[in-house]
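Have the sequence and the 3D view open as you read.

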Amino acid sequence: MDTHPEYAGGQYVLPPLPYACSALEPLIGEETVRLHHDKHHAAYVAGANAAAEALREIAAGRKDASLTPLYAGQLAFNEAGHILHTLYWNNMTPAPKSGPPAELAEAIRRQFGSFEGMMLLFRTTAVNVQGSGWSLLGLDPASGELQIAGVEKHQCGAAPGFAPLLACDVWEHAYYLGYKNDRAAYVENFVKLINWEDVGRRYESARRARR
Ligand code: MN
């Protein structure tokens, strides 16, 4: 698995979807996936590149330095959106297996008591994010254990170093064509598409990086 498919040749790049736009039908529709990847995700990639370029221009003295907070904010927003969308696409599969691999399953039991308990926190966070955002399962940098985090827009409501492993996008563009205002029904079906092998690989990688 390429763990950094988001950046190549000095630019943020839009990775191709790991499956066809229609592959998640009927739970997530083809048009939703196509617009979401080709328009929304692509816009975050373009925004991150534009903001990074503006910051290089400021550093080179060719642009007004007072614009630094504006572009730094735009870079944070767009890059976070880019990274979370890349995670989201890879966290889903048209052929999901039943549950997490052994090491991740044991970490879930250790931290949350049960798989069902963790998923209750994950789904409830997803349904209750105010406005646009994400629900994440990730690695707490202090304890090295798993943690659920809610995200407003793309800014992560967790400590620096928090490593997201599983991301559910609850911006309206992720579900409105198929589910209208029923975010909870979308979240229930997102859960059915989770690629637990991908999440497990990311868990092992994040644990190794922390050592
Ligand atoms: Mn999105």
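1. A residue counts as buried under 20% relative accessible area, as exposed over 50%, and as partly exposed in between. Lys-153, with 46%, is therefore partly exposed. Please keep in mind that this is a predicted model.

2. Lys-153 has another feature to look at: its phi is positive, about 55°, although Lys-153 is not a glycine. You will find this residue in the loop between β4 (146-152) and β5 (155-156).

3. Lys-180 also has a positive phi, near 50°, and is a residue other than glycine. Its place is the loop between α5 and α6 (183-192). With a relative accessible area of 54%, Lys-180 is exposed.

4. Which residues hold the manganese ion's protein donors? They are His-36 (NE2), His-85 (NE2), Asp-169 (OD) and His-173 (NE2), at 1.9 to 2.2 Å from the ion. Their spacing in sequence reads H-x48-H-x83-D-x3-H. His-36 sits in helix α1 (residues 30-59) and His-173 in the loop between β6 (163-169) and α5 (176-179), so this pair ties together parts 137 residues apart in sequence. Both count as buried: His-36 at 1% relative accessibility, His-173 at 18%.

5. Next, a helix pair. Helix α2 (residues 68-91) packs against helix α7 (residues 196-210) at about 130°, their axes 8 Å apart, and the two are therefore oblique to each other. Leu-87, Asn-90 and Asn-91 of α2 meet Asp-198, Val-199 and Arg-202 of α7. By type, the residues of this contact are two nonpolar, two polar and two charged.

6. Finally, check the peptide bond from Glu-25 to Pro-26, which is cis, with omega near 0°. Pro-26 lies in the loop between β2 (11-12) and α1.

Technical notes. Residues are numbered from 1 along each chain as its sequence is written. This is a predicted model: local features need pLDDT of at least 70, side-chain atom pairs count only at pLDDT 80 or more; totals for chains, interfaces and linings use all residues. Side-chain values use heavy atoms; hydrogens and water are left out. Axes are lines fitted to C-alpha atoms, for helices over the stretch in contact, and angles run from 0 to 180 degrees between N-to-C directions. Helices (H or I, at least four residues) and strands (E, at least two) are DSSP runs, numbered from the N terminus. Angles under 35 degrees count as roughly parallel, over 145 as roughly antiparallel, 65 to 115 as roughly perpendicular and the rest as oblique. Contact means heavy atoms within 4.5 Å. Ala, Val, Leu, Ile, Met, Phe, Trp, Tyr, Cys and Pro count as nonpolar, Asp, Glu, Lys and Arg as charged, and the others, Gly among them, as polar. Donors are N, O and S atoms within 2.8 Å of the metal (3.2 Å for Na, K and Ca); water is not among the atoms, so sites may look incomplete. Buried means under 20% relative accessible area, exposed over 50%, partly exposed in between (1.4 Å probe, protein chains only).
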